[in-house]
Amino acid sequence: MILHRVARFADIPENRGLEVKIEDSKILLLKVGDQLRAYQGECPHAGAPLAEGALCNGRLTCPWHKAQFRIEDGGLCEPPALDSLKRYPLEVRDGEVWVGDQPLVDAHTPPADDERTFVIVGAGAAGTAAAAALREKGFGGRVLLIDRENAAGYDRTVLSKFVISGETPPDDVPTLRDEAFYKEQRIERINADVVSLDSTHRTLRLSDGQSLDYDAVLLATGGTPKTLELPGADLPQVFVLRSRDHAQRILKSAKPGQRAVIIGDSFIAMESASSLRQYGLDVTVLARQPVPFAKQFGETVGKAILALHQANGVVFSTEGEATQIEGVNKVDAVRLDNGQRLPADLVLVGIGVSPATGAFTDLPKEKDHSLCVDGGMRVTDGLWAAGDIVTFPLNGQRVRIEHWRLAQQQARIAAANMLGGDEHYLDVPYFWTWHFGKNYDYLGHAEAWDEVEFKGDPFNPPFIGLFGKNGVVTAAVACDEERTMAMLAERMKQPLSVDEGWRLIRG
Ligand SMILES: Cc1cc2nc3c(=O)[nH]c(=O)nc-3n(C[C@H](O)[C@H](O)[C@H](O)COP(=O)(O)OP(=O)(O)OC[C@H]3O[C@@H](n4cnc5c(N)ncnc54)[C@H](O)[C@@H]3O)c2cc1C
Ligand code: FES
């Protein structure tokens, strides 16, 4: 290991990190009181430049998807990163900062010193995060990670953004963990469908007839895309998008110059509209509401995103409901209840998901088939659940939220509690969505607000909007305001007055 002179101590700012380079490696220098730390410069999740993140309350928040790390030691606090930051040796000599070119080794596979078997059903966002968290938190017993998808454990969020736009080939979708990780951490992956669960006797059954006993189980089976009960809905070019396999099938069918009709204006529907348009298809979105995302982002931002789509050639129609998909052996058109006929070569149905809980017949369910968990993600003795399948308590309400980072946060809480902890969800829900090269960030979960104000113009980003109720910030939406949103991700954990919110934003 060789030490390299990378900066002068006096050049390192107090309130943000400084990125330096040792050959091709980016290193982040951070001040911790009168000391310094050197960490990897790019976020272990998807490579964001961490020097552009926010430092607040002893945490560094990633500018892109708001993973959080302890400033003191780089330890992982919040996903979607699943790793702590690699730390580099550092010395200060005569006001100059010297950093080693090799990270400090941090081996932490717990010894196999526990007789228990923990099973995780579903190896998506939540399941994979839980498996990693169990080992990170020192569990030495067996961890079985079961999924019906052969190559589960990948980044589902890129499917609608970069895969069906043709930018990322389906086989290059990032995996959440590589094979070496599962091997090293003794996480046993099983490719199977879980068909039933007996929570009293703590067993579950797989589609091949095999039974598995467990000491604790985490259910993280995600959502099943809703389909349409329409004549023609079974034609081969009618798609949904949840898995890599779905994306692959869409790409096999879609050809530039073809016509796509997207039914629904969900986030996945609108992201798919953007991607298929970029892939060269003519795209019509058939929606029920005149402004997409108005419920979540408010009318102004919804209209701005709609305008972005329209400026890029997406046709947005709210004039009728689909009643039939016409065609013989292949899609020809979508017929509407007002008699209109939309010619189509492919149809993508993006009308939301239902919790995938069909196998868990002996568990009590909410009306929408989700599982009801307490604040610690516990369903009943020995059984926890996380992600898209749960209804959980948030700020005095019971809600079900389909966000990637939240699913992983819930999974980490469940993992801690499976090990005897008493953790609860105390954070601010966060998600992002991507349209024609623009990333929109959303923090909070506001179902109603009595004030909304913007800095900047939603029709011409950058902008940031704060939603308030009774003088308190309930949500924030932004585009190209990454550091500010990273700071708010931390500050909104405690009640934040709208006035204080604007003071922080305006600096
Ligand atoms: C195309 C797309 C784009 C998205 N983009 C974003 C985004 O930009 N930002 C954001 O915050 N959220 C986004 N989401 C939502 C986000 O992906 C979900 O909220 C998140 O994946 C939920 O995690 P989960 O672990 O609950 O479910 P999943 O990640 O879906 O994992 C569930 C797993 O369980 C498996 N499974 C289901 N039933 C069984 C069974 N009976 N037996 C065995 N295995 C089973 C499934 O095969 C699957 O692998 C997107 C979703 C999609 C589909
Ligand atoms: S790149 Fe840091 S959280 Fe995604």
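Strand β32 (residues 390-394) is joined to β33 by three bridges, and the two run antiparallel. Strands here are DSSP runs of E of at least two residues, helices are runs of H or I of at least four, and both are numbered from the N terminus; two strands pair if DSSP finds at least two bridges between them. Phe 392 stands opposite Val 399 in β33. These strands belong to an open sheet of three strands, in the order β29-β32-β33, with mixed pairing. At the edges stand β29 (371-372) and β33 (397-399), each with a single partner strand, so one side of each has no neighbour in the sheet.

This is a predicted model, in which local features need pLDDT of at least 70 and side-chain atom pairs count only at pLDDT 80 or more, while totals for chains, interfaces and linings use all residues. Residues are numbered from 1 along each chain as its sequence is written, chains are lettered from A and ligands numbered from 1 in the order in which they are written, and side-chain values use heavy atoms, leaving out hydrogens and water.

Another pairing involves β21, which runs parallel to strand β22 (residues 282-286) over five bridges. In this pair Ala 260 stands opposite Val 283 in β22. Four of the five residues of β21 are buried, so the strand is largely enclosed by the rest of the structure. Buried means under 20% relative accessible area, with exposed over 50% and partly exposed in between, for a 1.4 Å probe and protein chains only.

The loop between β21 (259-263) and α5 (267-278) holds Asp 265. Asp 265 is buried but has no salt bridge, and the nearest side chain of opposite charge, Arg 288, is 8.3 Å away. A salt bridge needs a side-chain nitrogen of Lys or Arg within 4 Å of a carboxyl oxygen of Asp or Glu; Lys and Arg count as positive and Asp and Glu as negative, with His and the chain ends not counted. Leaving aside residues up to four places away in sequence, Asp 265 touches Met 270, Ala 287, Gln 289, Pro 292, Phe 293, Phe 316 and Gly 350 (contact means heavy atoms within 4.5 Å).
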